Amino acid sequence: SNGGEATDRPLFAIATAWKGLQAELGDGHAALTLRSFSSGCSLISPLFGCLGIAFKFAEKDYVAKVHDLCGAAKEYETLTAMIGQDIRNDTVRNGGSHTRNLLRVLRGVDMVRVLFEHILVTEGNSLKEPASKAYDQVFAPHHSWTIRKAVSAGMFMLPTKSQFLKKLHEEEDSARTHIEEFVKSATPVVEYVNNVFVTNELGTDW
Ligand code: 1PZ
């Protein structure tokens, strides 16, 4: 069943879902539905369980925000519609707003995308090295000193790359295929969502 695949082969489930999101986007002019975007984001959550206990706090934050978007999907058909409501209410940057949560979740997806890009070109068995690079690129500019220090301490507790893949029930080759597919599909999707922020003049640097 699909449910079984989602739990047994998280990387396969992620690659498949994001390929679907890219297809939904078509040539880039179609609007992405909030339902499929948030469900694609929720499929990323199982990755945290394979990182050990160090990133429990990141997992909680990410899962809560994705949950908020899944709830919002019952009310709003598209990301644009959801953001429009926050703009009209003047609540875009408010703590816990859907739009603010969307920006945080988007960064989480981008973190995974950049992490995977680094994994593809990093030799050796380290997960810490590609993960630290991805964090420095995506999140560090937006996090306080305290969070950055906690994250860099957590990096020492990460499993090795081969331990990580084993927990994901993947061999090196199959993992590479799914990782490449995700990077390929997620790139235009992240760019699209980013562009929704830019065209609404909300910026993405907050
Ligand atoms: C191998 C990969 C290592 C994973 C490293 C993950 C590093 C991310 C650590 C983030 C710590 C999050 C602590 C909470 C931060 C919140 O203050 C902010 C702002 O939230 P708001 O004020 O709007 O409520 N939240 C975030 O920045 C979102 C954090 C999501 C983390 C997702 C990471 C996805 C990585 C998955 C890797 C498999």
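What is the volume of the largest cavity? It comes to about 70 Å³. A cavity here is a set of points on a 1 Å grid over the protein atoms alone where a 1.4 Å probe fits but cannot get out, while a pocket is an open set with protein on both sides within 12 Å along at least five of seven lines; lining residues have an atom within 4 Å of a point. Grid points are joined across faces, edges and corners, and a volume is the space filled by probe spheres set on the points.

This is a predicted model, where local features need pLDDT of at least 70 and side-chain atom pairs count only at pLDDT 80 or more, though totals for chains, interfaces and linings use all residues. Residues are numbered from 1 along each chain as its sequence is written, and side-chain values use heavy atoms, with hydrogens and water left out.

Here are the two spaces, with the lining split by class (Ala, Val, Leu, Ile, Met, Phe, Trp, Tyr, Cys and Pro are nonpolar, Asp, Glu, Lys and Arg charged, the others, Gly among them, polar).

| Space | Volume | Lining by class |
|---|---|---|
| Largest pocket | about 770 Å³ | 22 nonpolar, five polar, five charged residues |
| Largest cavity | about 70 Å³ | five nonpolar, no polar, three charged residues |

The pocket has 32 lining residues, and Phe48, Ala58, Gly108, Phe139 and His143 lie nearest its centre. Helix α6 gives the most to this pocket's lining, ten residues (helices are DSSP runs of H or I, at least four residues, numbered from the N terminus). As for the largest cavity, α10 brings the largest share of its lining, four residues.

Conventions: Helices (H or I, at least four residues) and strands (E, at least two) are DSSP runs, numbered from the N terminus.
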